[in-house]
Amino acid sequence: MWKVLVVEDDEEMRAFFAASVFASSGLELVASVGTLASALQELERPGARFDAVLTDLGLPDGSGLDVIRMARRLHPECDVMVISMFGDEDNVLASIEAGALGYIHKDSSSADVAESILELKAGASPISPMIA
């Protein structure tokens, strides 16, 4: 089971992504948080292990790019995927430069979210067709 952290400030979207992870037999939701500070706290928690992080870029107290960088630094085995409404070139490139390996649009279906995480852990770099 791949351990997943969800970082999304919108409560409804956070619940959707958490449910998407929870519904997959190959994934385990470790935490679901809504701020940069909470995400960093989870990533820095002693003994924490994350195999995948789903993060929004626009957080109320900072940037999801900082989540990506911290996840890659503290958990090198962890793969990061961005979940965003913004598919513009600047955001996509900034995310990849920070260390994200995938980028999916927030309007993805629940099954697509879970499948994208599993593909990410299998070595793929999932990108929503709308963003690609």
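Analyst: To begin with a term, a residue is buried under 20% relative accessible area, exposed over 50%, and partly exposed in between, using a 1.4 Å probe and protein chains only. Helices (H or I, at least four residues) and strands (E, at least two) are DSSP runs numbered from the N terminus. This is a predicted model, in which local features need pLDDT of at least 70 and side-chain atom pairs count only at pLDDT 80 or more, while totals for chains, interfaces and linings use all residues. Residues are numbered from 1 along each chain as its sequence is written, and side-chain values use heavy atoms, with hydrogens and water left out.

User: How many residues of β1 are buried?

Analyst: In strand β1 (residues 2–7), 5 of the 6 residues are buried, so the strand is largely enclosed by the rest of the structure.

User: Which way does β1 pair with β2, and over how many bridges?

Analyst: The pairing with β2 (residues 27–33) is parallel and has 6 bridges; two strands pair if DSSP finds at least two bridges between them. Between β1 and β2 the chain passes through helix α1 (residues 11–22), and this β-α-β crossover is right-handed. Right-handed here means that, with the strands pointing away from the viewer, the path from the first strand over the helix to the second runs clockwise.

User: What joins β1 to β3?

Analyst: Strand β3 (residues 52–55) runs parallel to β1, and 4 bridges join them. Val6 stands opposite Leu54 in β3, and Val6 also stands opposite Ser32 in β2.

User: Changing topic, how many salt bridges does a search of the whole structure find?

Analyst: The search finds 7, where a salt bridge is a side-chain nitrogen of Lys or Arg within 4 Å of a carboxyl oxygen of Asp or Glu. One of them joins Asp56 and Lys106, whose closest N and O atoms are 3.1 Å apart. That pair links distant parts of the chain, 50 residues apart: Asp56 is in the loop between β3 and β4 (58–59), and Lys106 is in the loop between β7 and α5 (110–121).

User: Is Asp56 buried or exposed? And what about Lys106?

Analyst: Asp56 is buried, at 5% relative accessible area, and Lys106 also counts as buried, at 11%. Together with Glu8, Asp56 and Lys106 are linked in a network of salt bridges.

User: Which residue does Lys121 pair with?

Analyst: Lys121 forms a salt bridge with Asp79, with the closest N and O atoms 3.1 Å apart. Lys121 belongs to helix α5 and Asp79 to strand β6, so the pair ties together parts that are 42 residues apart in sequence. Lys121 is buried at 16% relative accessibility, and Asp79 is buried at 12%.

User: What about the partner of Arg49?

Analyst: Arg49 forms a salt bridge with Asp51, the closest N and O atoms being 2.7 Å apart. Asp51 counts as buried at 4% relative accessibility, whereas Arg49 is partly exposed at 39%.

User: Finally, which residues of α4 are buried?

Analyst: In helix α4 (residues 89–98) the buried residues are Val92, Ser95 and Ala98. They cover an arc of only 130 degrees around the axis, which puts them on the same side of α4; the arc is that of the directions from the helix axis to the C-beta atoms. These buried residues pack against α3 (64–74), β6 (79–84) and β7 (102–105), contact meaning heavy atoms within 4.5 Å.

User: And which exposed residues are on the face turned away?

Analyst: That face of α4 carries Glu89, Asp90 and Glu97. Just after α4, Gly99 takes a positive phi of about 125 degrees.
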